[in-house]
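Visitor: Could you walk me through this one? I'd like to hear what each label rests on.

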Amino acid sequence: MLASRVVSLMGRRALSTSVCARAHGSVVKSEEYSLPAYVDRRDYPLPDVAHVRNLTAQQKALKEKEKAAWNALSLEEKVALYRIQFKESFAEMNRSTNEWKTVVGAALFFIGFTGLILIWEKRYVYGPIPHTFDKDWVAMQTKRMLDMKVSPIQGFSAKWDYDKNEWKK
């Protein structure tokens, strides 16, 4: 049952592909984005396609020379053949980049810009500090809370020594 399902799916795919390729009586050119792409990645060492797709006359001659014995090739020719197939070697892929400088610079820029926004807000958006933040007001409020004996068991008043009029140590 599974085999018949796979065969039927493959048959449909082949039919739909052939219909698409022969649309309106002519062969339709496949788009560039539908073909395999070349990528240099350490975890995917052998890309699906070569780096250079359109070979020059010199590269074509080198590819013909490649079919013979490799002992006859010079080091420069071997490197040129490698560069046709691959853009970078593993050593070049593993080479450190200066991208971290860009990332750190961008992060510091946005942190600085945020600081400027906060300074602007403090100066132009927020009003003056309320009078309840003055040291005199806080002292009067503390004295009032002690006189009212707020939270005498475990709270504020429990830490005040009423006999000596000072905070417990």
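Guide: Let's start with a term: contact means heavy atoms within 4.5 Å. Among contacts in the protein between residues at least 6 apart in sequence, 31% join residues at least 24 apart. This is a predicted model, where local features need pLDDT of at least 70 and side-chain atom pairs count only at pLDDT 80 or more, while totals for chains, interfaces and linings use all residues. Residues are numbered from 1 along each chain as its sequence is written, and side-chain values use heavy atoms, with hydrogens and water left out.

Visitor: What makes up the protein, in helices and strands?

Guide: Six helices and two strands, in the order α-α-α-α-α-α-β-β from the N terminus on. Both kinds are DSSP runs numbered from the N terminus: helices are H or I with at least four residues, strands are E with at least two.

Visitor: Why is Ser 157 called buried?

Guide: Buried means under 20% relative accessible area, exposed over 50%, and partly exposed in between (1.4 Å probe, protein chains only). Ser 157 has a relative accessible area of 4%, so it is buried. Of the 169 residues of the protein, 10% count as buried.

Visitor: Where does Ser 157 lie, and what is it in contact with?

Guide: Ser 157 is in the loop between α6 (135-148) and β1 (160-161). Leaving aside neighbours within four places in sequence, the residues in contact with Ser 157 include Met 145, Leu 146, Val 150 and Tyr 162.

Visitor: What makes the Ser 157 and Tyr 162 side chains a polar contact?

Guide: A polar contact needs a pair of N or O atoms within 3.5 Å; within protein, one must be able to donate a hydrogen and the other to accept it, and residues adjacent in sequence count only if both atoms are side-chain atoms. The side chains of Ser 157 and Tyr 162 come in at 3.4 Å.

Visitor: How do you know that Arg 41 and Asp 43 meet in a salt bridge?

Guide: The rule asks for a side-chain nitrogen of Lys or Arg within 4 Å of a carboxyl oxygen of Asp or Glu. For Arg 41 and Asp 43, the N to O value is 2.6 Å, so the pair passes the rule. Arg 41, at 42%, counts as partly exposed, whereas Asp 43, at 58%, is exposed. By this rule the count comes to six salt bridges.

Visitor: What about Lys 63 and Glu 66?

Guide: Their closest N and O atoms are 3.4 Å apart, and they form a salt bridge. Lys 63 and Glu 66 sit three residues apart in helix α2 (residues 57-66), so about one helical turn separates them. Lys 63 is partly exposed at 26%, and Glu 66 is partly exposed at 23%.

Visitor: Why are Asp 147 and Lys 143 separated by about one helical turn?

Guide: Because they are four residues apart in helix α6.

Visitor: What makes Ile 119 exposed?

Guide: Its relative accessible area is 59%, so Ile 119 is exposed.

Visitor: How far does helix α5 reach?

Guide: From first C-alpha to last, α5 (residues 99-125) reaches 38 Å, close to the 39 Å expected at 1.5 Å a residue. The expected span is 1.5 Å times one less than the number of residues.
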